[in-house]
Amino acid sequence: MGAGRVDVLLLHEDDYVRDRGVLAGVRRRRPKLMLLLSTDDVREEILAGPPVPDGFLVEDELTASAVEEALRRTLAGEVPMPTSVTRGLLHRLRESGQHRQREVSLTARENEVLLLLAEGMSNKQIARRLGISSHGVKRIVASLLLKLGAPNRTAAVVTAIQNGLISC
């Protein structure tokens, strides 16, 4: 981290919603944005963005190790999100009826990795579980994102649920 440079900005959801002007000034410096939520229910104003948060933490689940892991994953380009938040967002999506079906054909290995992504595992954890390299997992995740038309891991899991490839 250089002088005046912020790599990750941890911001409470109330500050995120209340003062977008200050946030816009900080975002010009392009830090990753980690949002601290009061509960596992993500407010509509947050989902509306911009900017879209790069990761989430929940106050009730806050520990030093959770913060450290979330920061590490954010800097690695992942979108850390507690399972409770993911489930809440998936439930909200399912209830909204906004489903778009895609014809998707996945390999057996891609299906295995997709299920582990849905559990919130990192590439390193998936690699250990499957007995393959982290590079191999990265390649499979990239293939999943492409096949599912998803910009990130979370969106891939949502798309897979929408298409009936996995269930929660």
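Helices here are DSSP runs of H or I with at least four residues, numbered from the N terminus. The model is predicted.

**Pocket**

The second largest pocket has a volume of about 300 Å³. Its lining consists of 17 residues, and those nearest the centre are A76, E78, N123, K138 and R153. By class, this lining holds six nonpolar, six polar and five charged residues. At least two lining residues come from each of helix 7, helix 8 and helix 9. Helix 8 contributes the most to the lining of this pocket, namely five residues.

**Nonpolar cores**

The largest nonpolar core is made up of 24 residues, and V113, L114, L117, I126 and L144 have the most contacts inside it. Helix 6, helix 7, helix 8 and helix 9 each provide at least two residues of this core. Helix 8 supplies the largest share, with six residues.

| Helix | Residues |
|---|---|
| Helix 6 | 108-118 |
| Helix 7 | 123-130 |
| Helix 8 | 134-148 |
| Helix 9 | 153-162 |

**Contacts of I126**

Which residues does I126 contact, leaving aside its neighbours within four places in sequence? They are V113, L116, L117, M121, V137 and R153. Of these contacts, V113 and L117 are also listed among the residues with the most contacts inside the largest nonpolar core. R153, another contact of I126, is one of the residues nearest the centre of the second largest pocket.

Methods: Residues numbered from 1 in each chain as written. Predicted model: local features only at pLDDT ≥ 70, side-chain atom pairs only at ≥ 80, totals over all residues. Heavy atoms only, no water. 1 Å grid on protein atoms, 1.4 Å probe; cavity = no way out; pocket = protein on both sides within 12 Å on 5 of 7 lines; lining within 4 Å. Points joined across faces, edges and corners; volume = space filled by probe spheres on them. Nonpolar A, V, L, I, M, F, W, Y, C, P; charged D, E, K, R; others polar. Core = buried A, V, L, I, M, F, W, Y, C linked by side-chain atoms within 4.5 Å. Buried < 20%, exposed > 50% of the residue type's maximum accessible area, 1.4 Å probe, protein only. Contact = heavy atoms within 4.5 Å.
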